[in-house]
Amino acid sequence: MSSAHRFANLLNALLPKNFEAVKDPSLCLRDCIQRYMDLMEDPSELASTFVGSEVFDAHVACCLTLLSSMATSQDLGAEAVEGQGKPLFSIYQTQQLSKCVEFVVCLGVYPFLSPGVSAPLEMRMEHWENFALPQRQDEPDKRQKLSKIANCFAALWQSPTPELRGLLTPNLFLGDYIAVLLQLGYEPLSSVALPDKQQQQKEEAEEKEGIIRQTREARCLLHNLLSDLLRPIALRELFFFQAGFCQSKVSCHQSTVVEAK
């Protein structure tokens, strides 16, 4: 069995069918996680990360594991090179790859974004209700989760497989990748959940050092990404985020005016 076929089977097991119409999203995703882990050779390491996690977080972890494995797979990369530009995946499988990233973005990115970063979920998809989760901007492990997503997207960006690189195009998820890097690289540190005052000074110093490291890495990734893009595309993407921040400020101002009246 080729690597492409093996990954396609894992992808098919992980993604729900017609998720927009299911009545119980949690139960649906739980079944998908179980099917996916049943196909894995050794799911113990992944399963250990599920302790205390919501089912949505567990599904995002599965998606990230699969996408990262595909992006860094030497066998899959070799098959892409040997194919000399021929597609490794069918049109349907490519659509599934896009759907997998969509789950990561909707369930793993949007809950942690600050207001004004990226377009509202209801503006980018018709059936968005099952993807809408409560905002979790104050969670202490927010930056760790976003860093994992940023690293996964970075691996996709560098992948030798065209179908994986194609996931981060302007028409798909390039803007979401930039949103994650902007959130990590330029979020005011005052809004980051720092350790409790009762913790030891050493732990506080390590936490702050980790935040600074994540910030630098995100800014470096963003700089490299924008350098790789054609200038008109880079400017357009950045202008979109500037407009998003401005729109957020306008909305806040309008709300204040209404309350004052």
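1. Thr72 has its place in helix H4, where helices (H or I, at least four residues) and strands (E, at least two) are DSSP runs numbered from the N terminus. At 56% relative accessibility Thr72 counts as exposed, given that buried means under 20% relative accessible area, exposed over 50%, and partly exposed in between (1.4 Å probe, protein chains only). The C-alpha atom of Thr72 is separated by 6.9 Å from that of Ser159, although the two residues are 87 apart along the chain.

2. Before going further, please keep in mind that this is a predicted model, in which local features need pLDDT of at least 70 and side-chain atom pairs count only at pLDDT 80 or more, while totals for chains, interfaces and linings use all residues. Residues are numbered from 1 along each chain as its sequence is written, and side-chain values use heavy atoms, with hydrogens and water left out.

3. On the overall architecture, the chain holds 12 helices and zero strands, and buried residues make up 44% of its 261 residues. Contact here means heavy atoms within 4.5 Å; among the contacts between residues at least 6 apart in sequence, 73% join residues at least 24 apart.

4. Helix H2 covers residues 25–39, and its 15 residues should span 21 Å at 1.5 Å a residue, which agrees with the 22 Å between its end C-alpha atoms; the expected span of a helix is taken as 1.5 Å times one less than its number of residues. Within H2, the buried residues are Pro25, Cys28, Leu29, Cys32, Ile33, Tyr36 and Met37. They cover an arc of only 165° around the axis, and therefore lie on the same side of H2, the arc being that of the directions from the helix axis to the C-beta atoms. The partners against which the buried residues of H2 pack are helix H1 (3–14), helix H3 (44–48), helix H4 (55–72) and helix H6 (91–109).

5. Which part of the chain holds Phe19? Phe19 is found in the loop between H1 and H2, and it is buried, with a relative accessible area of 1%. Leaving aside neighbours within four places in sequence, Phe19 is in contact with Pro25, Cys28, Leu29, Phe103, Asn130 and Phe131.

6. Asn18 has a positive phi of about 55° although it is not a glycine. For context, most residues other than glycine have a negative phi.

7. The structure holds two aromatic pairs, where rings of Phe, Tyr and Trp (its six-membered ring) pair if their centres lie within 6.5 Å, with planes under 30 degrees apart counted as stacked, over 60 as edge-to-face and the rest as tilted. The rings of Phe19 and Phe103 have centres 5.1 Å apart and planes at 65°, so this pair is edge-to-face. Since Phe19 lies in the loop between H1 and H2 and Phe103 in helix H6, the pair ties together parts that are 84 residues apart in sequence. Both Phe19 and Phe103 are buried. The rings of Phe153 and Tyr177, with centres 5.7 Å apart and planes at 90°, likewise form an edge-to-face pair. Here Phe153 lies in helix H8 (residues 142–158) and Tyr177 in helix H10 (residues 174–186), so the parts tied together are 24 residues apart in sequence, and both Phe153 and Tyr177 are buried.

8. Helix H8 is mostly covered, with 12 of its 17 residues buried, including Lys142, Arg143, Phe153 and Trp157. At 1.5 Å a residue H8 should span 24 Å, and its end C-alpha atoms are 25 Å apart, which agrees.

9. How many disulfides does the model contain? The count comes to zero, a disulfide being a pair of cysteine sulfur atoms within 2.5 Å. Cys62 is in no disulfide, and the nearest cysteine sulfur, that of Cys63, is 6.9 Å away. Cys62 is buried, with a relative accessible area of 0%, and Cys106, at 2% relative accessibility, also counts as buried.
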